[in-house]
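The sequence and structure come first.

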Amino acid sequence: MFDMTGKAALVTGGASGIGWACAQALAAAGAKVAVVDRDSDNGNKAADALADAGATATFVDAELSDPDQAQGAVEAVESAFGRLDAAVNAAGILGPTGPLHELDRDAYRAAMANNLDSVVWCLQHEIPAMLRTIDAGGDGGAIVNISSSAGLVGFPTCPTYTASKHAILGLTRTAAIDYATQGIRVNAIAPGGVDTPLIRATTCATPEGQAMIEGMHPMQRLAQPGEMAGLALYLCSPAASFVTGAVFPADGGLTAR
Ligand SMILES: NC(=O)c1ccc[n+]([C@@H]2O[C@H](COP(=O)([O-])OP(=O)(O)OC[C@H]3O[C@@H](n4cnc5c(N)ncnc54)[C@H](O)[C@@H]3O)[C@@H](O)[C@H]2O)c1
């Protein structure tokens with residue numbers, strides 16, 4: 001049920017953290033995997049590591065807030081593998097923090113372009129690539145958008161991040177409805193705090209910050225990136241064939257309160 005043999009997947013943000021864990025899980029399940037990221041050092045290392053482990057893998061360098069680069073990246077993956085069956089859209093940043101009335105206009109626009117526009121640009125090209133794959137005999141496409149607990153509830157001092165992650169859920173649900181009869185499933189994961197370079201450089205940069213974030217979770221800890229990967233693999237796999245438009249918290253109980 002979780003076999004991805006013969007399928008091609010791309011993972012945005014696949015050079016680090018949650019995306020990297022998802023790329024490894026998809027490759028271990030047999031998929032050909034393209035790591036799409038703007039970090040070419042780590043992106044190349046990630047693709048090399050997947051290949052060393054026996055997978056067919058490639059790296060595509062792209063700044064995904066740029067619609068032309070997003071289009072070029074998805075087209076490069078389709079051309080490298082001759083198909084696209086699955087996509088995990090994980091590229092994202094925290095963006096500006098602080099009170100909303102002090103939010104810098106340019107920082108807001110840049111973070112929304114990074115976190116939200118990039119997902120729109122990727123979806124716009126992932127969907128037609130998956131439809132072409134289905135037309136050529138593929139058995140369906142699956143997209144997983146990585147939102148956040150901050151897509152489900154307000155998150156203090158992070159208005160831009162929270163807005164971008166809520167918006168990703170609206171996009172996910174609408175795309176799920178629009179493409180349901182054409183064989184493409186679109187779902188989202190809403191992770192709680194995950195121990196990645198993103199959180200280490202920001203909210204968990206100090207012991208006090210980390211303790212505060214851990215304390216928000218009933219499990220009283222951060223997740224490891226691999227704790228997101230099984231869910232992403234499930235959503236991409238035939239096991240989730242009747243699952244679309246759904247949002248899955250993976251947050252140690254944070255949004256259960
Ligand atoms: N770490 C957490 O606690 C946490 C919690 C909830 C949601 N998330 C979300 O998970 C996703 C992955 O985060 P992570 O913690 O693994 O971060 P990370 O920094 O470890 O990895 C993010 C990757 O995305 C890439 N990236 C970011 N913006 C990009 C862009 N515009 N174009 C191309 N590549 C880009 C980065 O180069 C990096 O390799 C993000 O969308 C983040 O918002 C993270």
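## Largest pocket

The lining of the largest pocket consists of 21 nonpolar, 18 polar and 5 charged residues. The model is a predicted one. The pocket holds about 840 Å³ of space. There are 44 lining residues, and those closest to the centre of the pocket are A90, G92, I93, T196 and L198. Two or more lining residues come from each of α1, β2 (32-37), α4 (105-135), α5 (159-179) and α6 (197-200).

## Second largest pocket

The second largest pocket has a volume of about 270 Å³. Its lining is made of 17 residues, and D139, G141, G183, R185 and S241 are nearest the centre. Strands β5 (141-146) and β6 (184-191) contribute at least two lining residues each. By class, the lining of this pocket has 7 nonpolar, 6 polar and 4 charged residues.

How many cavities of 30 Å³ or more does a search of the whole structure find? The search finds 1. The largest cavity contains about 40 Å³ of space.

Around the largest cavity lie T12, L64, N89, A90, A91, S118, V119 and C122. With 3 residues, α4 gives the most to this lining. The lining residues of the cavity comprise 5 nonpolar, 3 polar and no charged.

## Packing of α1 with α2

Two packed helices are described by the angle between their axes and the distance between the axes. Helix α1 spans residues 17-28 and helix α2 residues 40-52; their axes are 10 Å apart, at an angle of about 25 degrees. Angles under 35 degrees count as roughly parallel, so α1 and α2 are roughly parallel to each other. Their crossing is right-handed.

On the α1 side the contact is formed by W20, A23, Q24 and A27, and on the α2 side by A46, A49 and L50. These contact residues are 6 nonpolar, 1 polar and no charged.

## Packing of α3 with α4

Helix α3 (residues 67-81) packs with α4 at an angle of about 25 degrees, and the two axes are 8 Å apart. The two helices are therefore roughly parallel to each other. α3 and α4 cross in a right-handed sense.

From α3, the residues P67, A70, Q71, V74 and E78 meet W121, C122, H125, E126, A129 and R132 of α4. The contact of α3 with α4 contains 6 nonpolar, 2 polar and 3 charged residues.

## Packing of α4 with α5

The axes of α4 and α5 cross at roughly 15 degrees and come within 9 Å. α4 and α5 are therefore roughly parallel to each other. The crossing of α4 past α5 is right-handed.

α4 brings Y108, A111, M112, N115, L116, V119, V120, L123 and I127 to the contact, while α5 brings T160, Y161, A163, S164, K165, A167, I168, L171 and Y179. By class, the residues of the contact of α4 with α5 are 14 nonpolar, 3 polar and 1 charged.

How values were computed: Residues numbered from 1 in each chain as written. Predicted model: local features only at pLDDT ≥ 70, side-chain atom pairs only at ≥ 80, totals over all residues. Heavy atoms only, no water. Axes fitted to C-alpha atoms, helices over the stretch in contact; angles between N-to-C directions. Helix = DSSP H or I, 4+ residues; strand = E, 2+ residues; numbered from the N terminus. Parallel < 35°, antiparallel > 145°, perpendicular 65-115°, else oblique. Left-handed = near helix turned anticlockwise from the far one by under 90°. Contact = heavy atoms within 4.5 Å. Nonpolar A, V, L, I, M, F, W, Y, C, P; charged D, E, K, R; others polar. 1 Å grid on protein atoms, 1.4 Å probe; cavity = no way out; pocket = protein on both sides within 12 Å on 5 of 7 lines; lining within 4 Å. Points joined across faces, edges and corners; volume = space filled by probe spheres on them.
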